[in-house]
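Thanks for asking me to look this one over.

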Amino acid sequence: MFRDRLAQTRALAHACLHSAIRSEGILAQPMQYATGGGKGLRAFLVMESARLHGVDDARSVWPAAAIEAVHAYSLVHDDLPCMDDDDLRRGQPTVHRKWDEATAVLVGDALQTLAFELVTNDAVGDARVPLVASLAKAAGQVGMVHGQALDIAAETARTPLDLNQITELQAGKTGALIRWSAQAGAVLAGSDPSDMGRYANALGLAFQIADDILDVEGDAKALGKAVGKDADAGKATFVSLLGLEAAKTRAQELADQACDALTQYGQDADTLREAAHFVIQRDR
């Protein structure tokens, strides 16, 4: 059920996103390239949380496409030499390797602004303003960008980050967009998003711990990117701080917490519960 819905929502969101990229623009090809591939988990969270709150796909696909654009922009910039300096993303050369650094910067800029164009589509209705405001916050100086800044600062810090600092970093870098995605459905419906927020907080942290585990024992071919970079750089991670087995235990506990946050929705939320276990069992 989850994998079918994940594939469906990814296809819908990416079709919406790609149709919004001007085919005649000079950045069209690298923008299409940057938004290809990926799991589409954030789009799934938007659309499935919307379905859970009685909002149909024709309306939720717009914010779903928007969050995929923001996520893609963040990856393009994250891969740049001045940031994480990666050569591969999703098994393909990163945008700055396939084109050049200036193109990668502009592609990220274009995708970020396109996201706000998508989320203000007429189909979104009265939820446009709260979604725009919350997306700006989630992606910006107190959200994803803040987490990225903390990550860069940690690379030159005299002492590795402790567990609380790593948790704060990842709550921004990874968790903020996941939280926005999971709460978007409730916002679209004009409902209280607090339960979905609790679900997303646990899910986002479990997702990052799983990423740290994959960096240690994942397969580079399956992941489509280099592994072991954190250890090579001497960066503190959940695995380095907790140990591999304790990190796996913590990820499972967080997945269970995410599921518990959905109690009020009953069986209607089973697909979202499956998603919580997927993020800690994935191989990429």
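Predicted model: local features only at pLDDT ≥ 70, side-chain atom pairs only at ≥ 80, totals over all residues.

1. Let's begin with helix 1 (residues 2-20) and helix 4 (residues 57-78), whose axes come within 8 Å and cross at roughly 75°. Since angles of 65 to 115 degrees count as roughly perpendicular, that makes helix 1 roughly perpendicular to helix 4. On the helix 1 side, the contact is made by Arg5, Gln8, Leu12, Ala13, His14, Cys16 and Leu17. Helix 4 brings Asp57, Val61, Trp62, Ala64, Ala65, Glu68 and Ala69 to the contact. By residue class, this contact between helix 1 and helix 4 holds nine nonpolar, two polar and three charged residues.

2. Most residues other than glycine have a negative phi. Aspartate 85, which is not a glycine, has a positive phi of about 55°. Aspartate 85 sits in the loop between helix 4 and strand 1 (88-89). With a relative accessibility of 38%, aspartate 85 counts as partly exposed, because that class covers the range between 20% and 50%.

3. The other angle belongs to arginine 90, a residue other than glycine, where phi is positive and near 55°. You will find arginine 90 in the loop between strand 1 and strand 2 (92-93). Its relative accessible area is 28%, so arginine 90 is partly exposed.

4. Which helix gives the largest share of the lining of the second largest pocket? That is helix 10, with six residues. Helix 7 (128-139) and helix 10 (175-189) each supply at least two lining residues. The pocket holds about 220 Å³ of space, and its lining includes Ser134, Lys137, Val142, Arg179, Trp180 and Gln183. In terms of class, the lining of the second largest pocket consists of six nonpolar, three polar and two charged residues.

5. Finally, a look at lysine 173, which lies in helix 9 (residues 163-173). Setting aside neighbours within four places in sequence, lysine 173 is in contact with Asp78, Asp84, Gly143, Met144, Gly147, Gln148 and Asp151.

Notes
Residues numbered from 1 in each chain as written. Heavy atoms only, no water. Axes fitted to C-alpha atoms, helices over the stretch in contact; angles between N-to-C directions. Helix = DSSP H or I, 4+ residues; strand = E, 2+ residues; numbered from the N terminus. Parallel < 35°, antiparallel > 145°, perpendicular 65-115°, else oblique. Contact = heavy atoms within 4.5 Å. Nonpolar A, V, L, I, M, F, W, Y, C, P; charged D, E, K, R; others polar. Buried < 20%, exposed > 50% of the residue type's maximum accessible area, 1.4 Å probe, protein only. 1 Å grid on protein atoms, 1.4 Å probe; cavity = no way out; pocket = protein on both sides within 12 Å on 5 of 7 lines; lining within 4 Å. Points joined across faces, edges and corners; volume = space filled by probe spheres on them.
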